[in-house]
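Look at the model, then read on.

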Amino acid sequence: MKQNEKILDWFEGKATEEDVKNTEGFEAYKKIQLYTSGLEVPKPNYEKLYLRIEKSKNNSFMSRNWLKIAASVMLFIGLSSGIYFLSHNTFITQNQIVEVSLPDHSLVQLAPNSKLSFNSITWWLDKRVSLAGKAYFEVEKGSLFSVNTKKAMIQVLGTKFEINATEEQLLVQCFEGKVSVVELTTGKKEILLESEFINKSNNTNLKKGNIPFNLPLWLEKDIKLKEVEFKAVVDLLKQVFKVEIDASKVKTNKEFSGILSTLDLNENFETLKATYGIKISKLNENMYIFVEDEME
Amino acid sequence: MIENQSDSICEQNTFKKIYNTHVESMYHHFYYKFGKQEWAEDCVQDAFIKLWERCGDVSIPKAKSFLYTVANNLLINKHHHEKVKLRYQKEQVFTDGVDKDPLYLLEEKELKEHLLKTIEKLKPKHRSVFLLNRINGKTYVEIAEIEGISVKAVEKRMSLALIELRKVIENI
């Protein structure tokens with residue numbers, strides 16, 4: 001059955017009855033047109049339907065937002081714990097010295113067999129490092145942070161200092177500036193000034209004294225001494241090079257000011273010979289004797 | 001970007017206005033396809049909820065096509081069709097008032113019943129196009145937009161629907 005296109009136009013209202021009057025099957029189309037013009041379908045209550053939409057609109061808005069909030073909270077927890085753990089820096093040394101840079105560009109020389117940790121993100125809220133073992137800090141001027149050890153909290157006020165914190169003892173040496181040491185058990189606070197040290201071990205009382213040198217001995221750098229008694233210089237050598245020195249024959253009141261090496265014992269001997277006019281003899285592998293050179 | 005809050009679909013009054021403008025043809029479209037009132041209402045509701053959820057992204061001129069696109073996607077998921085219930089408006093008089101003999105009236109009644117039955121049996125896509133034109137008075141361009149198809153396809157469907165109905169009329 002073919003159909004004239006005009007019929008379609010007529011149904012759309014674009015052609016008049018006159019236009020299609022003579023088309024094939026017009027009588028039938030006219031009946032279709034007539035008897036479908038009064039049709040209607042069951043009418044819903046559009047206002048009620050709108051209220052239904054309103055209601056689920058709010059529900060979906062709520063659930064959508066709850067989901068968003070829940071998702072953000074989860075994301076926040078995930079990210080922050082991730083960042084916290086990722087930004088948690090721990091340095092453990094075995095038999096070498098490691099240089100560690102703190103977030104504020106302060107430098108830490110970490111001695112062998114020591115452990116240092118800090119968090120680089122929370123650093124800006126809580127400037128805190130934890131130390132077990134020995135470390136030398138060179139802190140930028142104006143930096144303020146604290147070092148937590150087993151026995152004490154050491155507050156830093158822009159300085160150079162060394163901490164040696166083990167299970168048994170605590171040694172803090174301040175080479176420049178000022179540090180405060182708070183004992184955790186007693187809450188007692190000590191302020192160390194330049195060239196002062198504090199020593200506390202399990203079975204001795206707190207000992208405070210002066211340091212005759214300007215850098216930790218274990219850093220393998222030359223140290224500078226200023227007006228140090230001869231006997232103290234000898235003790236220092238004994239300690240650094242782990243040797244026995246018999247200096248009982250040398251009687252001098254002259255104080256030593258100068259540079260000593262922490263690596264080369266013979267170099268130091270040359271320095272001492274020149275300063276004090278002494279003779280040094282090696283008795284065996286680890287033993288030396290100092291005598292006054294009578295030739296001088 | 002300048003955002004005028006009162007011109008956003010997210011705004012209550014604008015949303016209601018869009019609802020009032022489009023709800024009837026949307027509802028009818030669904031109804032012609034399903035023949036089931038509840039489903040048609042559910043689909044209308046779903047489409048407007050989708051519009052609400054995306055109210056920030058859809059501009060007002062785009063709201064119409066957004067609604068119909070969503071609606072047609074919803075249709076794809078519904079395969080079962082029920083009988084479309086059609087009826088004549090009350091006190092509709094088709095005769096010119098001249099010829100009122102009982103035989104004619106009986107024939108007319110029979111014709112109407114046959115017509116409705118045939119419409120109900122039409123393929124949903126043919127029925128939907130036909131009724132959008134006959135009941136809602138939509139042009140083929142408007143129907144094409146509602147159905148998400150081309151105008152050519154609308155004309156084809158309309159034509160097929162008319163041929164089906166003509167067969168019935170001529171065979172009585």
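Q: Is B:Arg166 buried or exposed in this predicted model?
A: Burial is judged by relative accessible area: under 20% is buried, over 50% is exposed, and partly exposed lies in between, with a 1.4 Å probe and protein chains only. B:Arg166 has a relative accessible area of 3%. Therefore B:Arg166 is buried.

Q: Which residues does the salt-bridge network join with B:Arg166?
A: A salt bridge is a side-chain nitrogen of Lys or Arg within 4 Å of a carboxyl oxygen of Asp or Glu. B:Arg166 pairs in this way with B:Glu170, the closest N and O atoms being 3.1 Å apart. Bridges with shared partners link B:Arg166 into one network with A:Glu24 and B:Glu170.

Q: How far apart along helix 7 of chain B are B:Glu170 and B:Arg166?
A: Helices are DSSP runs of H or I with at least four residues, strands are runs of E with at least two, and both are numbered from the N terminus. Helix 7 of chain B covers residues 151-171. B:Glu170 is partly exposed at 41%.

Residues are numbered from 1 along each chain as its sequence is written, and chains are lettered from A and ligands numbered from 1 in the order written. The model is predicted: local features need pLDDT of at least 70, side-chain atom pairs count only at pLDDT 80 or more, totals for chains, interfaces and linings use all residues, and side-chain values use heavy atoms, without hydrogens and water.

Q: Which strands hold A:Lys208 and A:Glu190?
A: Their side chains meet in a salt bridge at 3.4 Å, N to O. The pair ties together parts 18 residues apart in sequence. A:Lys208 lies in strand 14 (residues 207-210) of chain A, and A:Glu190 in strand 12 (residues 189-192) of chain A.

Q: Is A:Glu12 buried or exposed?
A: A:Glu12 forms a salt bridge with A:Lys14, with the closest N and O atoms 3.4 Å apart. A:Lys14 is exposed at 57%. A:Glu12 has 13% relative accessibility, so A:Glu12 is buried.
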